[in-house]
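Notebook open, viewer loaded. I want to go from the overall fold down to a single residue and back out to the sheet.

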Amino acid sequence: MAKKTSVELISLQCSECKRKNYTTAKNRKNIQGKLELSKYCPFDRKHTLHKEAKIK
């Protein structure tokens with residue numbers, strides 16, 4: 001089994017079209033809640049709010 005580290009891989013899901021467009025790493029010690037970033041959504045063709053979601 002993989003060793004549990006403080007860095008976790010997450011995906012960012014668009015709040016409007018609900019598609020997972022980006023993947024990134026998050027340090028659990030520094031960021032306690034869910035990550036929310038304003039990123040470009042290629043399907044909506046505009047900047048939208050992207051929220052943290054789990055990678056399957």
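This is a predicted model: local features need pLDDT of at least 70, side-chain atom pairs count only at pLDDT 80 or more; totals for chains, interfaces and linings use all residues.

Entry 1: I looked up strand 1 (residues 7-14) against strand 2 (residues 20-27) and found seven bridges, with the two strands running antiparallel. Across this pairing, Leu 12 sits opposite Tyr 22 of strand 2. I then checked the hairpin that strand 1 and strand 2 form: five residues lie between the strands, and Lys 18 has a positive phi near 65 degrees.

Entry 2: Which strand pairs with strand 1 over four bridges? I get strand 4 (residues 46-53), again in the antiparallel sense. Two of the facing residues I noted are Cys 14, which stands opposite His 50, and Gln 13, whose bridge partner in strand 4 is Lys 51.

Entry 3: I put the pairings together and got an open sheet of four strands in the order 2-1-4-3, with antiparallel pairing. Strand 2 and strand 3 (36-41) are the edge strands, each pairing on one side only. From one strand to the next, the twist averages 40 degrees. As for the sequence pattern, I read β-β-β-β, with four strands and zero helices.

**Entry 4: Ser 11.** Is Ser 11 buried or exposed? I looked, and Ser 11 is buried: its relative accessible area is 4%, and the cut-off for buried is under 20%. The residue belongs to strand 1. Skipping neighbours within four places in sequence, I list its contacts as Lys 20, Tyr 22, Thr 23, Lys 51, Glu 52, Ala 53, Lys 54 and Ile 55.

Entry 5: How much of the protein counts as buried? I get 20% of the 56 residues. I have the C-alpha trace spanning about 40 × 25 × 10 Å along its principal axes. Among contacts with a separation of 6 or more, 39% come from residues 24 or more positions apart. Last, the charges: I count 15 positive and 5 negative side chains, and the centres of the two sets lie 6 Å apart.

Key. Residues are numbered from 1 along each chain as its sequence is written. Side-chain values use heavy atoms; hydrogens and water are left out. Buried means under 20% relative accessible area, exposed over 50%, partly exposed in between (1.4 Å probe, protein chains only). Contact means heavy atoms within 4.5 Å. Lys and Arg count as positive and Asp and Glu as negative; His and the chain ends are not counted. The place of a charge is taken as NZ of Lys, CZ of Arg, CG of Asp or CD of Glu. Two strands pair if DSSP finds at least two bridges between them. Axes are lines fitted to C-alpha atoms, for helices over the stretch in contact, and angles run from 0 to 180 degrees between N-to-C directions.
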